[in-house]
Amino acid sequence: MATTKRTNGLHLYLAAAPSTTRHALMALNNQTPEPAKFLLSYHYFKKMDLDELVEGMGQKPMLFADSGAFSAFTQGAEVKITEYATWIKRWQHLLTVYVNLDVIRDAKATATNQKKLEQLNLQPIPVFHTGSDFKHLDKLAKDYPYIALGGMVGAEAKACFRWAATCMKRTQEHGTCFHGFGQTRKQLIANLPWYSVDSSSWGSGHRYGALDIWTGKEFAKIKIGDKASVYKHAPTLRKYGVDPVCLSDRGRYHQRYAIQVSAQSWHDYEEHLRKRHGAITCKDRTDGLHLYLVDGAKTNLQDAGKAINKQQEKR
């Protein structure tokens with residue numbers, strides 16, 4: 001009888017039910033399913049029960065806490081550092097990372113707040129803004145492995161790219177990793193090796209009716225209520241668990257369908273970026289890239305979290 005030549009043993013075969021096979025394979029490749037990730041602004045979430053927020057998602061997400069000082073300023077409000085510190089301590093068991101209470105384009109005041117929070121036994125990541133002298137960044141890079149870059153919202157894209165690239169290049173010797181605040185421009189996200197970014201652009205579907213959907217290679221735009229636009233991407237919508245008619249027929253539409261598609265799309269986009277750049281390392285933290293979704297509504301975040309968790313369970 002003919003025999004087939006086999007490789008030398010020993011071979012240990014892992015047995016797994018279908019629902020656990022993917023997780024076993026990912027473990028062998030040193031991968032784990034990425035959780036949902038959200039940025040929470042103290043200015044908007046200071047009165048919310050975050051335990052309840054997270055419980056409504058089903059599984060614990062990664063949470064990035066920001067003071068929301070700029071939003072408060074534009075609304076004539078003020079974020080007090082002692083109150084911000086109290087809020088961080090109250091919810092620290094849920095927070096993956098939290099940042100300093102920054103003062104836009106005032107490096108000295110921002111540094112003062114950093115020290116005040118550290119004196120309160122907190123370890124916020126520092127913030128560096130466009131327009132600040134690079135000597136402040138050089139100093140931060142010597143003491144902190146993780147720095148947030150701010151002041152880019154509303155600025156010209158090419159200028160932001162050059163500035164962020166300069167920040168990364170001049171701190172390279174320290175192995176500094178960076179968070180990009182308000183990175184709504186996909187080209188800026190895709191072409192620099194960020195450790196983490198946050199974006200509110202994922203919400204364009206449920207806010208404005210212009211839904212971004214990830215096709216596997218790029219984002220496409222769906223106009224909610226436009227049958228031709230919707231059915232052009234019907235297979236991808238079904239992959240994300242949404243019947244196209246729920247987006248093409250205004251009578252059957254609910255914003256949770258847009259949230260479901262968009263949250264899963266941006267989560268897949270994060271996976272694409274992780275493959276594009278490889279592991280972005282940061283001292284004492286899990287490898288990046290981490291893309292945090294921004295929204296001020298509790299139900300929107302819960303719907304997004306449940307959609308991402310369901311997506312991960314299916315894979």
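How many bridges join strand β7 to β12, and in which sense do the two strands run? I counted 4 bridges between β7 (residues 196-199) and β12, and the strands run parallel.

**Ground rules.** I am working from a predicted model, in which local features need pLDDT of at least 70 and side-chain atom pairs count only at pLDDT 80 or more, while totals for chains, interfaces and linings use all residues. Residues are numbered from 1 along each chain as its sequence is written, and side-chain values use heavy atoms, with hydrogens and water left out.

**Overall.** I noted 15 helices and 12 strands in the protein, where helices (H or I, at least four residues) and strands (E, at least two) are DSSP runs numbered from the N terminus. Of the 315 residues, 48% are buried, which is to say under 20% relative accessible area with a 1.4 Å probe and protein chains only; over 50% would be exposed, and anything in between partly exposed. I also looked up contacts (heavy atoms within 4.5 Å): among those between residues at least 6 apart in sequence, 64% join residues at least 24 apart.

**The sheet.** I traced an open sheet of 8 strands in the order β3-β2-β1-β12-β7-β6-β5-β4, with parallel pairing; two strands pair if DSSP finds at least two bridges between them. The edges are held by β3 (97-98) and β4 (127-129), each with a single partner strand, so one side of each has no neighbour in the sheet. At the β3 end, strand β2 (residues 62-66) pairs with β3 in the parallel sense over 2 bridges, and Ala 65 stands opposite Tyr 98. Helix α8 packs on the sheet, where α8 touches β4, β5 (146-150) and β6 (177-180) and its direction makes about 160° with that of β5.

**Strand β12.** I then looked at β12 (residues 290-294), which is mostly covered, with 4 of its 5 residues buried. On one pairing, β12 meets β1 (residues 37-41) in the parallel sense over 2 bridges, and Phe 38 stands opposite Leu 293.

**Helices α7 and α8.** I found α7 (residues 134-143) and α8 (residues 157-170) packed at an angle of about 45°, their axes 10 Å apart; axes are lines fitted to C-alpha atoms, for helices over the stretch in contact, and angles run from 0 to 180 degrees between N-to-C directions. The two helices are therefore oblique to each other, given that angles under 35 degrees count as roughly parallel, over 145 as roughly antiparallel, 65 to 115 as roughly perpendicular and the rest as oblique. The contact is made by Phe 134, Leu 137 and Asp 138 of α7 and by Trp 163, Thr 166, Cys 167 and Arg 170 of α8. By class, these divide into 4 nonpolar, 1 polar and 2 charged, where Ala, Val, Leu, Ile, Met, Phe, Trp, Tyr, Cys and Pro count as nonpolar, Asp, Glu, Lys and Arg as charged, and the others, Gly among them, as polar.

**Residue Gln 114.** Is Gln 114 buried or exposed? I found Gln 114 in helix α6, and Gln 114 is buried because its relative accessible area is 3%. Leaving out residues up to four places away in sequence, Gln 114 touches Asn 100, Pro 124, Ile 125, Pro 126 and Tyr 144.
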